Amino acid sequence: MSTVIFANLGGRLSTHPQRGSGFADFLQPGHEDEVRMSTLVSALQDAATSREAWPDALKALTEAADVAGAALIISNKSTGNVEEACFFGLSAEFKTDYTRHYAALDPYSPLLDASWRTLSECFPNPVLRRSEWYNDFVLACGVRDILGARLVDTHDYRVIFGIHQQIGRSFPARLGSLIELVTDPLRRAAKHNVEHLRSTIGARHEPTTELSADSSRFYFHIDNGTWYTDETGSVHSTPDQAATHALTIARELAQDNSWHGSSVLVTDARGRPIARVRIG
């Protein structure tokens, strides 16, 4: 599924920590927060040097934040596939389901940027309720809401981080203070992770930048007066298959009346128009 399919559906409110908050604001007298924060900082330092340390880092973060889980997702921008993923907490046993199926249906991750945004802010509930990803993956994990951000975005890799809260609970009020404390260490650890990944297995994917003779990469742009560019695209064997995929995108977007009258424009790798499908 194209990364632009759900762009700008619903609100896109950012969750920014309050400026001036910090370690002292996060700590509460009588709690073991200082120990938890020390453990978390140490775990993130370990994760920066070893990919195998990420489960411990996610565990330390969920304990410090009093949330139900977390996930780190590294995607290869050339192939569109999830290269590596680490899930902890409620979603841990569903990691394989996500990487094999639901990653392609995920409308939330493509919307994320450097700021932290909750899933509930990005999409109204009626839209989520029509999403296979939300119904069969998020809710099936027992997750109520996700707070996510894009930690790394290079020419070849994208790293998404999500903090999960379970159904029946809300995010703690002081989570913003914790986020401000750990965002930079998280980014540094993720960047080191990508550098290590690139140096060890990146060469394995080098041939995939040249598409095979029987397949091509097509791009699915949304045009409704404002141009939403698909920068990733997806591989289809023929232009007809790409046009069929555009029809699927249009049908999904048509569930939200605000997209009626817009269109999905399909282009090939050279930017040449292949098909245009009207929405609604």
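## Confidence in the model

pLDDT is the predictor's confidence in each residue, on a scale from 0 to 100. The structure shown here is a predicted model, and over residues 202–214 its pLDDT stays under 50, a stretch for which the model has 14 contacts beyond four places in sequence. The pLDDT also stays under 50 over residues 1–27, where the model has 82 contacts beyond four places in sequence. For the protein as a whole, the mean pLDDT is 80, and 82% of the residues reach 70 or more.

## Overall make-up

The protein contains nine helices and ten strands, and 47% of its 280 residues count as buried. Its accessible surface comes to about 13600 Å², and carbon and sulfur atoms account for 48% of that area. When contacts between residues at least 6 apart in sequence are considered, 64% of them join residues at least 24 apart.

In soluble globular proteins, nonpolar side chains tend to be buried together. In this model the largest nonpolar core has 37 residues, and those with the most contacts inside it are Leu40, Trp54, Trp116, Leu151, Phe161, Ile163 and Leu186. Two or more residues of this core come from each of helix 2 (33–49), helix 3 (54–65), strand 1 (69–76), strand 4 (143–153), strand 5 (157–166) and helix 8 (175–201). Helix 8 makes the greatest contribution to this core, with nine residues.

## Helix 3

Helix 3 is made up of twelve residues and reaches 16 Å from its first C-alpha to its last, which is close to the 16 Å expected at 1.5 Å a residue. The buried residues in helix 3 include Trp54, Ala57, Leu58 and Ala60, together with Leu61, Thr62, Ala64 and Ala65. Just after helix 3, Asp66 takes a positive phi of about 60 degrees.

The C-alpha atoms of Ala149 and Thr118 are separated by 8.9 Å, although the two residues lie 31 residues apart along the chain.

How values were computed
Residues numbered from 1 in each chain as written. Heavy atoms only, no water. Core = buried A, V, L, I, M, F, W, Y, C linked by side-chain atoms within 4.5 Å. Buried < 20%, exposed > 50% of the residue type's maximum accessible area, 1.4 Å probe, protein only. Helix = DSSP H or I, 4+ residues; strand = E, 2+ residues; numbered from the N terminus. Contact = heavy atoms within 4.5 Å. Areas by Shrake-Rupley, 256 points an atom, 1.4 Å probe, with all protein chains shown as cover. Expected span 1.5 Å × (residues − 1).
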